[in-house]
Amino acid sequence: MGYVLLAGAIAAEVGATTAMKYSEGFSRLWPSVITVTGYVIAFALLAQTLKTVSVGTAYAIWAGVGTAVIASIGMVFLGEALTAAKVAGIALVIAGVVLLNMGGAH
């Protein structure tokens with residue numbers, strides 16, 4: 001169940017971060033509301049996750065998956081450049097999460 005909550009936390013954080021792009025510095029109401037609400041939900045779900053998943057594992061997955069998904073959204077939907085450096089960076093983030101989990105972050 002902890003990993004299901006973590007997936008929800010990541011989804012809420014990704015949605016909040018994406019909405020922040022459209023908030024124009026928190027000057028637009030609804031994207032700003034979505035951003036704040038998304039982060040509240042994300043942290044609430046992360047807090048529940050930490051009841052059953054170790055903090056190192058949860059945070060590694062949270063940060064790695066969130067970063068990779070946001071970078072991908074930027075490139076696919078927001079017109080950000082797809083460069084070899086970005087692809088390599090995403091691959092390294094994912095590899096880092098895998099390595100932390102294999103190395104006993106549990």
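Let's start with Ile61: beyond its neighbours within four places in sequence, Ile61 is in contact with Tyr3, Leu6, Ile10, Gly66, Val97 and Asn101. Keep in mind that this is a predicted model.

**The nonpolar core**
- Ile61 belongs to the largest nonpolar core, which has 13 residues.
- Together with Leu6, Ile10, Leu46 and Trp62, Ile61 is among the residues that touch the most other members of this core.
- The biggest contribution comes from α1, with 5 residues.

**Helix α1**
- This helix has 21 residues and reaches 31 Å from its first C-alpha to its last, close to the 30 Å expected at 1.5 Å a residue.
- Its buried residues are Gly2, Leu6, Ala9, Ile10, Ala12, Glu13, Val14, Ala16 and Ala19.
- What covers these buried residues of α1 includes α2 and α3.
- Glu24, which follows α1, has a positive phi, near 50°.

**Lys51 in its loop**
- You will find Lys51 in the loop between α2 and α3.
- Lys51 counts as exposed because its relative accessibility is 62%, and exposed means over 50%.
- The side chain of Lys51 is joined to that of Gln48 by a polar contact of 3.0 Å.
- Lys51 and Ile34 are 17 residues apart in sequence, and their C-alpha atoms are 26 Å apart in space.

Methods:
Residues numbered from 1 in each chain as written. Predicted model: local features only at pLDDT ≥ 70, side-chain atom pairs only at ≥ 80, totals over all residues. Heavy atoms only, no water. Core = buried A, V, L, I, M, F, W, Y, C linked by side-chain atoms within 4.5 Å. Buried < 20%, exposed > 50% of the residue type's maximum accessible area, 1.4 Å probe, protein only. Helix = DSSP H or I, 4+ residues; strand = E, 2+ residues; numbered from the N terminus. Contact = heavy atoms within 4.5 Å. Polar contact = N/O pair within 3.5 Å; in protein donor to acceptor, adjacent residues only side chain to side chain. Expected span 1.5 Å × (residues − 1).
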